[in-house]
Amino acid sequence: MGRRLLIGLVSLALLAAGCGKGSGSKSNGEADKTAEEIVADAKAAAEKAGSVHFHGSIVESGAPLKVDIRIDGAKGGTGAMTVQGAKVEIVRIGSEAYLKGSRAFYTQIAGAEAAKLLNGKWLKGSATSGDLAALADLTDINKLFDAALKPNGTITKGKETTVDGQKVIGISSSEGTLYVATTGEPFPVEIMQASGDSSGAVHFDEWNETVDLKAPKDAVDVSKLNG
């Protein structure tokens with residue numbers, strides 16, 4: 001469950017809490033539904049939301065990754081990732097994407113000489129094609145949850161429990177477990193990955209809260225760097 005999301009996060013990096021508002025104490029009836037119905041309800045609730053914050057730590061094929069991103073619907077998103085100790089900040093606003101890596105990050109993807117020139121600089125490019133287009137998958141609620149909430153193979157419903165103080169129901173597959181809120185809106189609360197060479201968890205919270213999106217100043221156009 002959610003393997004596509006976790007692998008996608010790592011791929012992007014190498015290339016370049018509760019439920020939040022709407023939660024309540026009254027049962028929303030999800031615990032009594034089938035596993036398939038719960039996943040469908042979680043996806044519908046997530047894609048209907050105006051915004052979300054997702055964050056967590058993942059290890060994929062031995063590569064550690066931390067992610068902390070806020071998404072404003074389909075408009076865009078902002079946040080940061082840390083891959084093997086190298087931090088990269090990201091912003092997407094509409095069709096434009098921005099990325100600023102640490103010197104360590106730029107060294108990983110472009111080499112030491114290029115890192116000297118790019119260190120501390122924002123890069124700007126298309127969010128629909130080219131080197132920065134993968135940011136769109138991480139900063140669009142519909143694309144994020146379309147990828148994250150596609151169970152592979154048989155799924156089973158577990159018992160009701162709590163995650164970060166939120167009452168949830170677990171839906172498990174061979175790839176891990178999705179936890180869905182059983183009070184308030186049936187938002188996804190956590191995806192726990194534990195299969196093969198993947199481990200870790202991504203949390204979802206701050207649903208429908210305001211996201212401050214600002215385009216970085218003096219960003220370097222990626223197309224000019226590519227000649």
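1. Basis of the model. The structure is a predicted model, in which local features need pLDDT of at least 70, side-chain atom pairs count only at pLDDT 80 or more, and totals for chains, interfaces and linings use all residues. Residues are numbered from 1 along each chain as its sequence is written, and side-chain values use heavy atoms, with hydrogens and water left out.

2. An open sheet of mixed pairing is built from 12 strands in the order 7-8-9-10-11-1-2-3-4-5-6-12. Strands (E, at least two residues) and helices (H or I, at least four) are DSSP runs numbered from the N terminus, and two strands pair if DSSP finds at least two bridges between them. Strand 7 and strand 12 (220-221) stand at the edges; each has a single partner strand, so one side of each is left without a neighbour in the sheet.

3. Two hairpins. Strand 3 (residues 76-83) pairs with strand 4 (residues 86-93) in the antiparallel sense over eight bridges, and Thr 78 stands opposite Val 91 in strand 4. Two residues lie between these strands in the hairpin, and Gln 84 in the turn has a positive phi of about 50 degrees. Strand 4 also runs antiparallel to strand 5 (residues 96-101), joined by six bridges, with Ile 90 opposite Leu 99 in strand 5. This hairpin likewise has two residues between its strands; Gly 94 in the turn has a positive phi of about 60 degrees.

4. Helix 6. Helix 6 lies across strand 1 (51-60), strand 2 (63-72), strand 10 and strand 11, running at about 40 degrees to strand 1. Angles run from 0 to 180 degrees between N-to-C directions, with axes fitted to C-alpha atoms, for helices over the stretch in contact (heavy atoms within 4.5 Å). Ile 141, Leu 144, Phe 145 and Ala 148 of helix 6 are buried (under 20% relative accessible area; exposed is over 50%, and partly exposed in between, with a 1.4 Å probe and protein chains only). They cover an arc of only 85 degrees around the axis, which puts them on the same side of helix 6; the arc is that of the directions from the helix axis to the C-beta atoms.

5. Gly 153. Where does Gly 153 lie? Its place is in the loop between helix 6 (141-148) and strand 7 (156-163). Gly 153 is exposed, with a relative accessible area of 59%. Gly 153 and Glu 175 are 22 residues apart in sequence and 9.1 Å apart in space, C-alpha to C-alpha.
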